[in-house]
Amino acid sequence: MTTALYIILAVVIVGSALGTIMSRNAVYAALYLALNFMSVALLYLFLGAPFIALVQVTVYAGSIMVLFIFVIMLLGAERLAASENLRGQRFLAIALGVVLLAILGTVFISRAELTGIVTPPTAVDFGSPRQIGTALYTQYWLPVMITSMLLLVATVGAILLTRGEGTSIRDNLKRVDEKEQADQEE
Amino acid sequence: MTINDLNTILPLVVLAGWSVVVLLADLWIPKDRKGWTAALSAVGLVVVLGLTLARGGTVQKAFFGTVLVDGFALYLDIIFLVGGLAGIALAYDYLKRMELERGEYYPLLLIAISGMMLMTYANDLIIVFLALELLSLPLYIMAGFARFNLQSEEAALKYFLLGSFASGLVLYGVALLFGASGHTDLPGLVNTMRAGTGNQALFLFGAALLLVGFSFKTGIVPFHMWMPDVYQGAPSPATAFMSVGAKAAGFAALMRVFVTVFPSLSDDLTPILWALAAITMVVGNVLAISQKNIKRLLAYSSIAQSGYLLMAFVPYANAEVSSDSIAAMLFYLLAYTLTTFGAWAVIIQMEQQERRGLEVADYAGLGKRHPWLGLAMTIFMLSFTGVPLTLGFWGKFYLFSTAVEGGFVGLALIGLLTSVVSAFYYLRVVVVMYMQPGDPPVKQNRWVNLTALLAAAVVVGLAFIPGSVLDLALQAVLQLQ
């Protein structure tokens with residue numbers, strides 16, 4: 001039963017990932033990605049990590065994907081360019097990807113002695129919100145603090161790169177336009 | 001978390017805290033007085049440098065063993081902090097002159113340095129990844145600081161997109177290593193590998209992904225494509241800072257992770273490292289020959305330097321040679337840092353509005369009109385080439401000799417030959433400066449001048465006592481293990 005569910009889930013995950021990179025419409029790609037996040041969340045649930053699964057749904061499939069779709073719709077950027085800029089890039093990428101998968105597959109199937117299985121943790125409440133919270137604010141206190149610095153930098157950067165001092169976004173866009181025109185005239 | 005933990009990484013805590021304070025204080029500093037922000041940041045760096053030196057190189061662990069402070073961290077931290085001071089000295093006048101002045105530049109620089117310092121402390125792959133992000137994110141922003149310049153925008157976007165891709169690969173590598181062993185801390189990984197209980201195939205794949213990610217950050221061929229465009233497009237002081245900081249931090253991560261964790265994979269990794277070092281040296285030096293823009297020239301030169309640095313890495317699993325070769329690498333990093341900052345200081349004085357004054361041809365007459373700047377630039381070009389009486393010579397000498405010691409004579413030979421090739425384009429700058437007539441306009445600024453002349457003096461001065469510098473580097477390495 002579990003195996004059958006796992007196989008169905010695996011097919012959905014890989015299929016939606018392929019859909020994300022192959023669809024020519026950005027909105028479809030984003031929806032495929034949301035599906036991918038949801039099915040990965042189910043995988044986490046299978047592994048006995050309900051908290052992580054819920055975070056995956058609320059944070060990734062929820063807020064981040066909504067933001068993605070919002071931005072795509074707002075900019076009207078749903079049509080992706082049909083042609084590729086680098087010629088032959090897709091063919092090369094597919095060929096190299098297949099080679100990589102083939103090598104990995106050979107190693108994992110034929111050289112089984114190299115692929116020992118790491119025993120997963122067996123504590124009953126492993127992955128519970130309580131345990132994760134305790135780990136985050138004891139053992140991983142430093143990484144949490146660094147992440148907060150990262151978010152600060154990201155905020156400062158976003159403000160800095162989009163807004164000038166005392167100038168509105170429209171003024172900035174105008175300046176860029178003028179600059180582009182001047183560049184073209186040269 | 002206890003007070004002891006914080007005390008162990010006190011310099012980092014002070015630096016990160018100070019950067020936030022400066023970021024806030026900057027809001028009250030009037031627009032035409034941004035020199036105060038620069039000065040505040042510089043004071044912070046000096047204090048942190050003092051704290052770092054006062055703590056010394058005693059080995060201490062903190063935060064459940066996820067960070068480790070030792071002589072290796074001390075050596076690199078001094079490079080980063082002094083580099084930060086040089087970065088501020090180079091930026092202040094330039095930003096004002098180019099009408100890019102925004103107070104946030106300096107706190108961002110401080111945060112980038114905290115990321116680099118964290119990288120030297122990292123004893124856990126999670127910390128390695130976060131440090132990588134903490135140092136990269138401010139650099140992406142700094143690359144796009146000239147917002148109304150399309151080249152700068154392109155540089156920031158290119159650096160950000162490719163950089164996040166590389167970070168993704170590193171993170172994937174970390175995840176696979178965790179899957180292979182059940183550990184993210186370096187000692188745990190080492191023990192699993194020794195005990196042979198891990199998943200070898202996943203382990204190798206994870207190590208390869210880490211190598212790719214770090215190669216991107218350090219600009220190793222074939223992951224170097226972003227460098228010329230980003231170096232050219234970013235404001236020059238930001239380029240100077242990233243070419244030293246990001247590279248040194250990338251190599252710090254490589255050293256820490258590979259030398260401690262992956263010696264058992266050396267059969268598989270050594271040929272790859274060999275090939276990467278060889279291609280990087282050849283491609284970087286050959287492509288640099290045809291460059292006319294000095295910023296692009298230094299970008300390709302920087303790629304080539306990565307190849308030399310990586311060369312020290314090839315015998316990393318040979319315990320007898322590895323400490324020597326890594327000391328040689330640390331030595332070379334010092335020479336590279338000083339020379340790079342010096343050379344960029346000259347470039348910054350030469351750069352005019354609208355990106356003029358950046359062609360090699362613009363340097364005509366510099367040697368005669370501004371003898372001190374000309375002399376300094378000559379010293380830097382000679383040091384990059386590796387001509388005797390400069391620090392760069394000893395750097396290459398130690399690198400090549402440890403490569404031979406490790407049994408990689410072919411690699412040392414490639415290094416030697418490409419150095420000869422590099423003489424062509426480095427010396428061309430010198431020839432243009434002295435042999436061609438011209439009167440280049442130079443925007444003198446005392447801080448930038450000071451950086452250039454000080455760097456030149458140290459590059460020549462330390463070349464007379466290479467042994468004692470190497471001893472320092474050797475001590476730094478011995479405490480790595």
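This is a predicted model: local features need pLDDT of at least 70, side-chain atom pairs count only at pLDDT 80 or more; totals for chains, interfaces and linings use all residues.
Residues are numbered from 1 along each chain as its sequence is written, and chains are lettered from A and ligands numbered from 1 in the order in which they are written. Local features need pLDDT of at least 70 and side-chain atom pairs count only at pLDDT 80 or more, while totals for chains, interfaces and linings use all residues; side-chain values use heavy atoms, with hydrogens and water left out.

The interface comes first. On the side of chain B, 43 residues are in contact with 35 residues of chain A (contact being heavy atoms within 4.5 Å). The two chains bury about 3,400 Å² between them, with 77% of it on carbon and sulfur atoms; buried area here is the accessible area (1.4 Å probe) that two parts lose on being put together, summed over both. Within chain B, the residues that lose the most area to chain A are B:Arg102, B:Arg147 and B:Phe148, together 19% of what that side buries. Zero salt bridges are counted between chain B and chain A (a side-chain nitrogen of Lys or Arg within 4 Å of a carboxyl oxygen of Asp or Glu).

Several helices build this side of chain B. At least two residues each come from α2 (10–25), α5 (105–121), α6 (125–143), α7 (150–181) and α9 (200–218), where helices are DSSP runs (H or I, at least four residues) and strands likewise (E, at least two), numbered from the N terminus. The largest share, eight residues, belongs to α6(B).

A cavity is a set of points, on a 1 Å grid over the protein atoms alone, where a 1.4 Å probe fits but cannot get out, and lining residues have an atom within 4 Å of a point; grid points are joined across faces, edges and corners, and a volume is the space filled by probe spheres set on the points. The largest cavity holds about 50 Å³, and its lining includes B:Gln305, B:Tyr332 and B:Lys396. Four residues of that lining come from α14(B), which gives the most.

The peptide bond from B:Val221 to B:Pro222 is cis, with omega near 5°, and B:Pro222 sits in the loop between α9 and α10 (226–233) of chain B. B:Phe63, in the loop between β1 (60–62) and β2 (67–69) of chain B, has a positive phi near 50°. Most residues other than glycine have a negative phi, and most peptide bonds are trans.

Terms used. On a 1 Å grid over the protein atoms alone, a cavity is a set of points where a 1.4 Å probe fits but cannot get out, and a pocket is an open set with protein on both sides within 12 Å along at least five of seven lines; lining residues have an atom within 4 Å of a point.
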